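Please examine the sequence and the structure shown below.

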Number of protein chains: 2
Amino acid sequence: MQRPIKPPTIFDVAALAGVSKSTVSNVIRDVDGVAELTRTRVLEAIQRLEYRPNALARQFVQQRTTTLGVLVGDLDNPFYAEMAKLIERWSSHHGYLAMFCNIEGDDELALGGVEALLEHRVAGIVFLASSGRSPAVEELLRQRAPVVFVGLREDWGDSVAASDAEGGRLATEHLIGYGHRAIAYLTTPAVEQRADRARHAGYRTAMRRAGFVARPPVRWIPGHEHVRIGGRPTALAEILVGAHRPTAVFVSNDIGAIALQEFMDVHRLSVPDDISLVGFDNVSLAAFARISLTTVAQPLEDLARLGVGRLVELIERDGQLGTGNSPRVITVPVKLVVRGSSGPAPSG
Amino acid sequence: MQRPIKPPTIFDVAALAGVSKSTVSNVIRDVDGVAELTRTRVLEAIQRLEYRPNALARQFVQQRTTTLGVLVGDLDNPFYAEMAKLIERWSSHHGYLAMFCNIEGDDELALGGVEALLEHRVAGIVFLASSGRSPAVEELLRQRAPVVFVGLREDWGDSVAASDAEGGRLATEHLIGYGHRAIAYLTTPAVEQRADRARHAGYRTAMRRAGFVARPPVRWIPGHEHVRIGGRPTALAEILVGAHRPTAVFVSNDIGAIALQEFMDVHRLSVPDDISLVGFDNVSLAAFARISLTTVAQPLEDLARLGVGRLVELIERDGQLGTGNSPRVITVPVKLVVRGSSGPAPSG
DNA sequence: ATGAAAGCGCTAACAG
DNA sequence: CTGTTAGCGCTTTCAT
């Protein structure tokens, strides 16, 4: 473990092989027009020295990197963890290395993260979470790094996301089909604003079509005892048992739904007998027998593949996306996965 | 969104401020001995141009980066996801950016990941999972990147890990305290070999002390219907109901334990009435009412803090860790968290 | 088919 | 206190 000695450079290889740097470079980059004999000699020298090209130098001179920046909402949330993994996989599939910044819903962190990524001259940035406010936005726009939003929408960049509104509608219609009419929509900060609104819009559509009254979103931070409706704080327990209590709740994300289920468990309320629950995302957790959450499945695989694909496209056919181009919006379909957390409305 | 135009360089700033590059550099690096007036002028120019130092160039010339490579076992596993998040947090706390490689238990991927990290001249590497085989090992050793293993041990580098053996002992003693004597040890590939062995050793210690017979590890890949004991494949279901069935199982990791719980649920076996379960890790999931897994808690926060701390130490006081130094091994304590998945042994 | 040479943006001596 | 200069390792014309 003797580190002080510096790694060999292209020059060392050239010397050992008895050729010039350029020739070595040509061999490395696999340009043709190198004599077979020379090539072998160089390759041998590379082996002997355990030469490893300095990506820094290469990227520096080429003025472009093969690194993608990824802004993640919160790796503790399995939805993000699963997405992050897939993004990484597709990045490396395209020959890019992924650099993650976990922003934990914190705008400061997000800004710092973007800053760092930009300084490292990442070739592009994947947003798995929006920074909420816009400073980072402006940074990026002007700092001209290609950007793609995956799993959410922003109007200043390309995005690949599921059809949230349709998901909301499907979830709600499913509950309506079970005879529910007092259906609430509950959301948590883990969901991006846009997605949240779209899911609620889908919910409203379904309710309206069925002739039921749509309620405003119930905002909950899992772990807290109270929620907000409009601006008004109310005890969550009260909402679940009060006079206007819903017989079903559509929750904007699985982790939120599971947390709510947990809350109900603790308060001795039955799912789905007292209240049916439907989530959104279909994280792997949702499939466990003990959780068995009915949910709207997002095609994670597609989101990642299309998202990274689009970003790489932007990067590689570089800048000429005419100034005024409106962002490309890609939508992938969702589908309902019915499990045990939803059931018939109590008769009465 | 007009990207073609190149970002401003230190030279542009110098020109605008009417000073030399060095002066700008001095301002940026905050070396003292720059006239207040000059500094302001430079700062202004930086603002006006939205200049952002090129980390690539800086790192290139300094011959050192502020990037840490992280090899993650599998982000789908909440244990790794949680660790990854904490590693990232502590990295950035020390001024380093984290680059993740998700290796999904695949040696090829691991090797490729290490290769890429090395080419990017990362300042150091955190292993959250070992590469299993040793090629990557040799690479690194000779390529001299400081390395630290977090949550596992390897004999060729520093490590920060929980006291696995003690954890195994605690878990087993807990079960023994409940009157169990037919206790099995079950493990899955999600756990590193060393950790696995140490946890099993702890189990054996406890069993021996109590005068019970320790069994060889049951190896299970969650999702599969059969397991291996020694080399012999057997149906998992059979093991759980057969004549020699255990009344308690200590599982080497939470995700495995939860999967086993799931398996039992599906097969209509009760936890803990038929079989008690104890896991290892204490992932956040384990605390859910519906899971309620008794487990051995690893202090994730400490692991991450100490691991990154040690790595940074190695990096910053650079090479002189005498050639023959045996690796520094840091051990953090574990503690048992008792929940509902363990209970008294059936009387009989 | 190979080599020579000019930089990429920045830092770090060293002069002034 | 500020400017000059010599690289860092590599790619990329352009000659040979």
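## The surface near DNA strand D

How many residues surround DNA strand D, and which are the closest? DNA strand D is surrounded by 28 residues, and the closest are A:Thr9, A:Ile10, B:Val19, B:Ser22 and B:Val61; a residue counts as near a molecule or strand if its C-beta atom, placed from the backbone, lies within 6 Å of it. Two or more residues each are given to this surface by helix H1 (10-17), helix H2 (21-28) and helix H4 (55-62) of chain A, and by helix H2 (21-28) and helix H4 (55-62) of chain B. Helices (H or I, at least four residues) and strands (E, at least two) are DSSP runs, numbered from the N terminus.

The model is predicted: local features need pLDDT of at least 70, side-chain atom pairs count only at pLDDT 80 or more, and totals for chains, interfaces and linings use all residues. Residues are numbered from 1 along each chain as its sequence is written, while chains are lettered from A and ligands numbered from 1 in the order in which they are written.

H4(A) provides the largest share of the surface near DNA strand D, with five residues. By class, the surface near DNA strand D has twelve nonpolar, eleven polar and five charged residues. Here Ala, Val, Leu, Ile, Met, Phe, Trp, Tyr, Cys and Pro count as nonpolar, Asp, Glu, Lys and Arg as charged, and the others, Gly among them, as polar.

## The surface near DNA strand C

Around DNA strand C there are 28 residues, of which A:Ser20, A:Ser22, A:Val61, B:Thr9 and B:Ile10 come nearest. At least two residues each come from H2 and H4 of chain A and from helix H1 (10-17), H2 and H4 of chain B. The largest share, five residues, belongs to H4(B). The surface near DNA strand C divides into twelve nonpolar, eleven polar and five charged residues.

## The sheet of chain A

In chain A, eight strands form an open sheet with mixed pairing, in the order S9-S8-S7-S6-S10-S11-S12-S14; two strands pair if DSSP finds at least two bridges between them. Strand S9 (232-235) and strand S14 (335-337) of chain A have a single partner strand each, so one side of each edge strand is left without a neighbour in the sheet. From one strand to the next, the twist averages 30°. Axes are lines fitted to C-alpha atoms, for helices over the stretch in contact, and angles run from 0 to 180 degrees between N-to-C directions.

Strand S8 (residues 226-229) of chain A runs antiparallel to S9(A), and four bridges join them. A:Arg228 has A:Pro233 as its bridge partner in S9(A). Helix H9 (residues 193-210) of chain A packs on the sheet and touches S6, S10 and S11 of chain A; residues are in contact if their C-beta atoms, placed from the backbone, lie within 7 Å. The direction of H9(A) makes about 175° with that of S6(A).

## Strands and helices in chain B

Strand S11 (residues 276-281) and strand S12 (residues 294-297) of chain B pair in the parallel sense over four bridges, with B:Asp281 opposite B:Ala297. S12(B) is also joined by three bridges to strand S14 (residues 335-337) of chain B, and these run antiparallel.

The axes of helix H5 (residues 78-93) and helix H12 (residues 300-316) of chain B come within 9 Å and cross at roughly 45°.

Technical notes. Contact = placed C-beta atoms within 7 Å.
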